Amino acid sequence: MTFAPTPIPSRTQFVLEAIKHAILTAQLQPGQALVETELAARFGVSKTPVREALKTLAGTGLVVMSQYKGATVRLVDAEMAREIYDVRLLLEPEALRRTISCGASLGAAQEALERADSAADKADRSLANRDFHRALYLPCGNPLLGRMLDEVRDQAALVSTVAWAADPSWEREAAEHREILRLALGADAAGAAAALHDHIASFVRRAFPDGPDGSAGTADATQGGQA
């Protein structure tokens, strides 16, 4: 016997997406308290969908629930960044290699790159960059691999949002995105995968340069891209 997942009620889904958007565009800062009554008033709902949305976001790693402090936006530090980007380095280049090898369309990646280049602000650019990366790995032919990368996608975006506030390196990353897509459109699976690996690795080295191994350190988690 199989069991289908319980669907999230529409009001809870609305609140969940609104809070996630606010976190990933730095409207809600890392460490900021998420007060149910304030969020309920902000979104015009009762506390119940807010509470359920916060529980779901805690499961994705964007929110931390504490018995004493309540819910807060997750703080970003070097250890978190290393863990998340290590997963991306292991999985994302391989997913892109498979996307190219199976001849999947890269039209969505091209469209996302164009949106990022023409974005009116860093929030729109960050969201477009996230879509660009997802469009590279999602058609890889392995749904489980795509879901695994989706699971770390929001946490990676939180890391890059904080890093961009301290060092707005989006122009460099945009150039790297264009090179990755050029190689991918040219059916150079190995070259595109290597370029993507270098892109992800260089971002975390730039964003967290003071770690003990020289590859990652601590960013100011009170400041508010996706590499």
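Trainee: How many bridges join strand 1 to strand 3, and in which sense do the two run?

Mentor: Keep in mind that this is a predicted model. Strand 1 covers residues 33-34, and its L34 has A71 of strand 3 as bridge partner. The two strands run antiparallel, and the number of bridges joining them is two.

Trainee: Over how many bridges do strand 2 and strand 3 pair?

Mentor: Strand 2 spans residues 63-66 and strand 3 spans residues 70-73. They form a hairpin with three residues between them, and V63 stands opposite V73. The pairing is antiparallel, and the count of bridges is four.

Trainee: Which strands stand at the edges of the sheet?

Mentor: The sheet is open, has three strands and pairs in the antiparallel sense, in the order 1-3-2. Two of the strands have a single partner strand each, so one side of each is left without a neighbour in the sheet. Those at the edges are strand 1 and strand 2.

Trainee: In what order do the elements of the chain run from the N terminus on?

Mentor: The chain has nine helices and three strands. Written from the N terminus on, the order is α-β-α-α-β-β-α-α-α-α-α-α.

Trainee: Which residues does L34 contact, leaving aside neighbours within four places in sequence?

Mentor: L34 is in strand 1 and has A71 of strand 3 as its bridge partner. A71 is also among the contacts of L34.

Trainee: Does Y137 count as buried or exposed?

Mentor: Y137 lies in helix 6, residues 122-137. Not counting residues up to four places away in sequence, Y137 touches E92, A95, T99, G146, L149, D150 and R153. Its relative accessibility is 3%, and the cut-off for buried is under 20%, so Y137 counts as buried.

Trainee: What separation do the C-alpha atoms of Y137 and L96 have?

Mentor: Along the chain, Y137 and L96 are 41 residues apart. The separation of their C-alpha atoms is 5.1 Å.

Trainee: What share of the residues in the chain is buried?

Mentor: The chain exposes about 11100 Å², and carbon and sulfur atoms supply 54% of that area. Of the 227 residues in the chain, the buried share is 47%.

Trainee: Which helices each supply at least two residues of the lining of the largest pocket?

Mentor: About 150 Å³ of space lies in the largest pocket. Its lining consists of L16, K20, T56, L57, G59, T60, D150, E151, D154 and Q155. The helices that each supply at least two of the lining residues are helix 1 (10-24), helix 3 (47-60) and helix 7 (143-166).

Terms used: Residues are numbered from 1 along each chain as its sequence is written. This is a predicted model: local features need pLDDT of at least 70, side-chain atom pairs count only at pLDDT 80 or more; totals for chains, interfaces and linings use all residues. Side-chain values use heavy atoms; hydrogens and water are left out. Two strands pair if DSSP finds at least two bridges between them. Buried means under 20% relative accessible area, exposed over 50%, partly exposed in between (1.4 Å probe, protein chains only). Accessible areas come from the Shrake-Rupley method with a 1.4 Å probe; for residues, only the protein chains shown count as cover. Contact means heavy atoms within 4.5 Å. On a 1 Å grid over the protein atoms alone, a cavity is a set of points where a 1.4 Å probe fits but cannot get out, and a pocket is an open set with protein on both sides within 12 Å along at least five of seven lines; lining residues have an atom within 4 Å of a point. Grid points are joined across faces, edges and corners, and a volume is the space filled by probe spheres set on the points.
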